[in-house]
Amino acid sequence: YKIGFEGSDLTIGFLPETSWGVNPDGGGTPWTSARLTSWNTGYSRTRTRPNEIRSDKQQPKGVTTQVACTPSLQAPMTKTAWSPILAASINGAFDTGVVTNGTVFQSFSLLTQYSPTLSRVIAGAWPAGGQLQVQQGQMLSLSFDWLAASLVSAAAPTDTVDPPNTFDIMDPIASVTSLQWNGADLAGVTQINLQWSKQDAQALYVIGSADAAGIAMGALQVQAQTTLYFNDFSLFDAMLAETEGALTISLRDGTAGYDFTLPATTIVSHDDPVNGSGPFTASVNFEAAPGPSGFTMQIDEVGP
């Protein structure tokens, strides 16, 4: 009865790689299924043809000179499930439940399973950035942008594909247990977007192959964008004084969740336009830098 695949047919999974670009399927480690709200393989091909002058008024045959794979993934925010990718997205590895940004390179193979016998695998997928979105009236979401080596078709994976977890999705009412800057609660916040990316990160190409030959890791940069009701000048004055303070976001599903900490942030803009007689809202944006311990971002796993 179906004319084609549907989103509800798909299973998206991931496996950590030991060697970049080498699919670890068959090694006995189960694929972890990801719960998603959107998914895009980001597959594209660059074709090149010489600008030849020909009397037959035709263009010559072209050749594929570059194959790019830049997946994007958006998911509901749940406890514990995203730890491996969160750590890799800031170039770190969890140690006793804590990860700070560093110089660790961890890639994954990403599985798109359309049916029990039809799949595609993206090998050498490395999270080049992420975003945590917390907004009043919306469930919490997490997204990652990737750079990858290649995409290939495959039959059924050899290793088991675990079913998705059934943890509750975090919400803006009960799950945001603390939101602080410089030791004080941020009041009246209607949304906060925490974004991190790797400046100048890119897939690298060489003569002899259209597929990526390697990855340049770039440099981590982190910022937070908030919208809040404007009722005093404290944050505006802190912007003028270029006050530096720690920004923390604590998220819980019951007693388990994550703490996101930016130990050294500065308010770089504080926009408070008047658009009518309604309440003022201000767009307050924070820029993160390395703190006293030398890192820009820390993520703590909390609870079971």
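**Ground rules.** Residues count from 1 along each chain as its sequence is written, and side-chain values use heavy atoms, with hydrogens and water left out. As the model is predicted, local features need pLDDT of at least 70 and side-chain atom pairs count only at pLDDT 80 or more, while totals for chains, interfaces and linings use all residues.

**Confidence.** I looked up pLDDT (the predictor's confidence in each residue, from 0 to 100). The protein averages 95, and 100% of the residues score at least 70. Strands here are DSSP runs of E, at least two residues, numbered from the N terminus.

**Strand β18.** Why do I call β18 largely enclosed by the rest of the structure? Eight of its ten residues (244–253) are buried, so that is the reason. Buried means under 20% relative accessible area (1.4 Å probe, protein chains only).

I then checked pairing, which takes at least two DSSP bridges between two strands. β12 (residues 176–181) runs antiparallel to β18 with five bridges, and W181 sits opposite L247. β19 (residues 256–271) is also antiparallel to β18, through nine bridges; there L251 faces Y258. Two residues separate the strands of the β18–β19 hairpin, where G254 has a positive phi near 70 degrees.

**Cores.** A nonpolar core is a set of buried Ala, Val, Leu, Ile, Met, Phe, Trp, Tyr and Cys residues joined through side-chain atoms within 4.5 Å. The largest has 52 residues, and W82, L194, W196 and F260 touch the most other members. I noted a second, separate core of six residues, including W126 and I215.

How values were computed: Buried means under 20% relative accessible area, exposed over 50%, partly exposed in between (1.4 Å probe, protein chains only). Helices (H or I, at least four residues) and strands (E, at least two) are DSSP runs, numbered from the N terminus.
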